[in-house]
Amino acid sequence: MDIVIFDDVSKIYRTGEVDVAALRNVTLRIPRGAFTALVGPSGSGKTTALNMIGCLDRPSAGEVTVAGEQVGRLDRRQGAAFRGRNLGFVFQDFNLLPVLTVFENVEYPLLMIRDMPGKQRKPLVERVLAAVGMTDQSHKVPAQLSGGQKQRVAIARALVGNPLLVLADEPTANLDGQTAQRVMVLMKRMRDEFGTTFVFSTHDPRVMEQAEVMFHLNDGSLIEGSGSGGGEP
Amino acid sequence: MIKIMRLALKNLLRYKRRTLLTGLLIAVGVMAVIVFVGMSSAFKQAIVGQITDASLSHFQVHRKGYLASIDNLPLDRMLTAAAFEKLSGILDGTKGVTAFSPRIRFGAMLSNYAQTTNVRLNGIDPAREIAAVPLLASRIQEAAHTDILLKPGEVLLPEVLARGMEIKTGDTIVLVANNKDGSVNGMTFQVAGVVENLMGPGGRDGYLHIDDAAVLLRMETKEISEVAVRVENFEHLDAVAGRLRSVLEPMTNPQNKPLFELHTWDQLTPFYNVVRMIDVMTLGVRAILIAVVLISVLNVMMMSVYERVREIGTLAAMGTPPGRIMALFVAEGFSLGLAGALAGAVFGTGMLWILNLTGVDIVFGGANQVFTLAPAIAPGEVISACLIVVGVSILASLQPAAKAARLEPVEALRHV
């Protein structure tokens, strides 16, 4: 069963008088539970595709279906609710809230988005912090952590609500090679432990090696895909 | 709500110096308002107290048309004995009236056998007068008596005349006056004291016994220029005056014309404008406070939104509803306003307390009168200043908060 379906999706941005195609007629399918990479050089459309899946952006043409929902048709409020229920995000710059501790950062989606009571929140946060090996650092604020530790917290935050899908935009771009490798291993282990589908973008060949399903994008077009029902081979 | 407030407080503390400075600015504004309101209301109270308790009393009743000519002290527009008797009965039966004093007001020539000048005089019943204007006794210098203002055959002279003519307590003077028919009469009086000048109408008048005034003016039956009336509770003045007006206004003389007119103290003295000006200035100070809070909170919140665009994008991307993002920023503005207001309230009331201990002397009016103010503020005024600040803080944070909530997550995440 596919969790993400792109059906002839195009995205055109207007820059002044010029139209720029970020995605051109992309059709792809990402199977549920797959550790999936969107790869390609800068400007190839990876981030645009991730934004479409994350209902942060809408296609100019075609349909994007995530977990059975045509996300391009959701308004702002519905999109936020959908993301809060079904998606987790890992960002290149970690994007942790600097005023909150590690524990509070991970707790945020349960507290502020799902309004979960404290008694239910605490074990979930502790479980996911233990899974990413950050229990000992839970009282620290992001400024006291290394890049790798920050990304582990970001992964914990993305997973704490047990989402169907975690989207990671260049999750290792700001990490050194060894740390990047460890983060990818961690993400894969989390996929195995939580059964969550991971979709990440990268142009790092060492990271690509970890992917089970890979889609190559170039200049907005899918040039190679290994997912089920993928685009052009 | 608590979780939003907690996060808002953490965000405010992120920029400690900016938050402290803005909070301090708000606190200083609130403090200034509290001190100003406390001082101005004490000043207002002192002025009104002086005017009503030492001269005018709370309201006055005259024969209809008297007030229009009051500067001339007309003797042909007096209340007849019968009218005064009727009025006395009404005043005695009016709830809230504690005292009233009939006065015969007239102009006379004053002579100390060496010099002669004009003087404005009030013929009074000393016991009634002191009940209607209790501070009159405190204005008398070199008083001949301690238990009574004056006795028949005695006169209290205004300070300005007594000093100018070098008249002292115990001296004998002559008063010469025309009655309403134009005939002249003169009588000798002994000076029983000198009345300190007071700002406003009647502030430089002399006093003599009402029976002496009637004799000097050759009245066959005692006629009354005005009746000064004191109410039990100044706060209820308008209600008491209103009730009396409704009783007095329909009363007519044999010619079927209105008999009485009633005027409260504020209609009798130009100093009411000073009181009103104080109220306007208080409003002005409040408006400045609102502007200070509005501008400072708006500035801080706008900066906060611009500095945290990526963070807002992250919150939105994770699924935080736009309304909750807006609430986060409104809560920051609210907390900033509340903290500033509370600090200002504490500092302001503390400052008033210190001023109350030390006392504040203010010289006011042509008579160079010194008022020792006891600044104080009603709890309601402090609460209202705090509520205004908190309300304006929320108002000021609405626009930046709405801007934050409207940010497109994808654009915000790209922001550098």
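Me: At roughly what angle do helix 2 and helix 12 of chain B cross, and what does that make their relative direction?
Reply: Keep in mind that this is a predicted model. In it, the axes of helix 2 (residues 16-56) and helix 12 of chain B come within 10 Å and cross at roughly 150°. Angles over 145 degrees count as roughly antiparallel, so helix 2 of chain B is, relative to helix 12 of chain B, roughly antiparallel.

Me: Which residues make that contact between helix 2 and helix 12 of chain B, and how many of them are charged?
Reply: From helix 2 of chain B come Ile26(B), Val30(B), Val33(B), Ile34(B) and Val37(B), and from helix 12 of chain B come Glu381(B), Val382(B), Ala385(B), Cys386(B) and Val389(B). The residues of this contact split into nine nonpolar, no polar and one charged.

Me: What about helix 1 and helix 11 of chain B: are they roughly parallel or roughly perpendicular?
Reply: Helix 1 (residues 2-14) and helix 11 of chain B have axes 8 Å apart and pack at about 65°. Helix 1 of chain B also passes helix 11 of chain B in a right-handed crossing. Since 65 to 115 degrees is the perpendicular range, helix 1 and helix 11 of chain B come out as roughly perpendicular.

Me: Which residues of helix 11 of chain B does helix 1 of chain B meet?
Reply: On the helix 1 side of chain B, the residues are Ile4(B), Met5(B), Leu7(B), Ala8(B), Leu9(B), Asn11(B) and Leu12(B). By class, the whole contact has ten nonpolar, two polar and one charged residues. The partners in helix 11 of chain B are Ala327(B), Leu328(B), Ala331(B), Glu332(B), Ser335(B) and Leu336(B).

Me: Now helix 10 of chain B: how many of its ten residues are buried?
Reply: Helix 10 of chain B spans residues 309-318 and is mostly covered. Its buried residues are Glu311(B), Ile312(B), Gly313(B), Thr314(B), Leu315(B), Ala316(B), Ala317(B) and Met318(B).

Me: Which helix of chain A gives the most to the side that touches chain B?
Reply: Overall, 21 residues of chain A are in contact with 17 residues of chain B. Helix 2 and helix 3 of chain A each supply at least two residues of the chain A side. The biggest share, six residues, is from helix 2 of chain A.

Me: Is Asn162(A) buried or exposed?
Reply: Asn162(A) lies in the loop between helix 5 (147-159) and strand 7 (165-169) of chain A, and its phi is near 50°, a positive value in a residue other than glycine. It has 12 C-beta neighbours inside 10 Å. The cut-off is 12 or fewer, so Asn162(A) counts as exposed.

Me: And what is the phi of Asn256(B)?
Reply: Asn256(B) sits in the loop between helix 7 (237-248) and strand 10 (260-264) of chain B. With 7 other C-beta atoms within 10 Å, Asn256(B) is exposed. Its phi is positive though the residue is not glycine, with a value near 65°.

Technical notes
Residues numbered from 1 in each chain as written. Chains lettered and ligands numbered in written order. Predicted model: local features only at pLDDT ≥ 70, side-chain atom pairs only at ≥ 80, totals over all residues. Buried ≥ 20, exposed ≤ 12 C-beta atoms within 10 Å, placed from the backbone. Helix = DSSP H or I, 4+ residues; strand = E, 2+ residues; numbered from the N terminus. Contact = placed C-beta atoms within 7 Å. Axes fitted to C-alpha atoms, helices over the stretch in contact; angles between N-to-C directions. Parallel < 35°, antiparallel > 145°, perpendicular 65-115°, else oblique. Nonpolar A, V, L, I, M, F, W, Y, C, P; charged D, E, K, R; others polar. Left-handed = near helix turned anticlockwise from the far one by under 90°.
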